[in-house]
Amino acid sequence: MLKLKPLIYFPSARPHTVVTEASTVPLQLAGSPVADKNSGFFPVNSRKESPHKIFPNCRRLIHRSRSVSMESAGVNTTTSPSVVKLKVIEATPESFKEFGQVIEASLDGEEFGPRDAQLDLSRGIPRFYIMQLKDRSLGFSNITHHANVTQCLGSIGGNVWYLGVAKPSIVDPADIKGARGADIVQSRCGHFYVPPAVDEVQAFRISGPKFIKLNHGTWHAGPLFTDDKMNFYNLELNNTNVVDHTTHDFIKKNGVVFLLDD
């Protein structure tokens, strides 16, 4: 029986295939400035346009529902991708618990407890810095995870921002032999994972004086926002974006792009 850390949705029961990431994905920090048109984020001047203007070659809009499912491989990439609309959820400690933590203000003098960020920075040198992002909109096609660190993100000033996420799907190598039920991919970073399913992706709004902590392996796309630019503090490792950056391309693998509905 395939064991995942943590358990995730399996689209079908069939003998697994272990493959490696075939193409080189440009290294892009979750929320880093867009480097080129293939980065997986969409220009900020599209944020006020209709979905068909943002994605002019896309098929009819699909509203997110649990019935949406596609194979993670074998999609004909010559056809136009479909747009999947994600209804935005407000990030709270309860609503975000499957993906990490939402950390809110606490009184000075409070001792460390479960409401504080439960961090793992043990596999390298921590890096805490401010990143300035520009020209982001509420749409994405790539999603990323980090296997070796818990990442923290928060906006300076408490402005509203958004994040697309999916549950961690890292697979223990000891459980791969004889496993059934999913296609298993080996990341170029070395670990194994099950690609995220289209209907497992959710979108969250983060507003006010709070930040989020992402668990190991939580898939994330963003930060996304509607302002021209925003500043974020970011806590990860000093080489996270070099040696621990695994990306899934939903256009290439699933034939879809995501648009946040808020």
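The side chain of aspartate 249 reaches the backbone nitrogen of lysine 252 at 3.1 Å, and that of isoleucine 251 at 3.0 Å; a polar contact is a pair of N or O atoms within 3.5 Å, where, within protein, one must be able to donate a hydrogen and the other to accept it, and residues adjacent in sequence count only if both atoms are side-chain atoms. The structure is a predicted model, in which local features need pLDDT of at least 70 and side-chain atom pairs count only at pLDDT 80 or more, whereas totals for chains, interfaces and linings use all residues. Residues are numbered from 1 along each chain as its sequence is written, and side-chain values use heavy atoms, with hydrogens and water left out.

Aspartate 249 belongs to strand β18 (residues 246-249); helices (H or I, at least four residues) and strands (E, at least two) are DSSP runs, numbered from the N terminus. With a relative accessibility of 28%, aspartate 249 is partly exposed, a class lying between buried (under 20% relative accessible area) and exposed (over 50%), for a 1.4 Å probe and protein chains only. Beyond its neighbours within four places in sequence, aspartate 249 is in contact with Ser141, Asn142 and Asn254, contact being defined as heavy atoms within 4.5 Å. The C-alpha atoms of aspartate 249 and serine 141 are separated by 6.2 Å, although these residues are 108 residues apart along the chain.

Strand β16 (residues 219-224) is mostly covered, with 6 of its 6 residues buried. Its pairing with strand β10 (residues 161-166) is antiparallel and extends over 4 bridges; two strands pair if DSSP finds at least two bridges between them. Within β16, histidine 220 is the bridge partner of valine 165.

A search of the whole structure finds 10 aromatic pairs. One of these, between tryptophan 161 and phenylalanine 232, is edge-to-face, at 5.3 Å centre to centre and 80 degrees between the planes. Rings of Phe, Tyr and Trp (its six-membered ring) pair if their centres lie within 6.5 Å, and planes under 30 degrees apart count as stacked, over 60 as edge-to-face and the rest as tilted. Because tryptophan 161 lies in strand β10 and phenylalanine 232 in strand β17 (residues 229-237), the pair ties together parts that are 71 residues apart in sequence. Both tryptophan 161 and phenylalanine 232 are buried. The rings of phenylalanine 225 and phenylalanine 232 form a tilted pair, since their centres are 6.0 Å apart and their planes are at 35 degrees; phenylalanine 225 is likewise buried.
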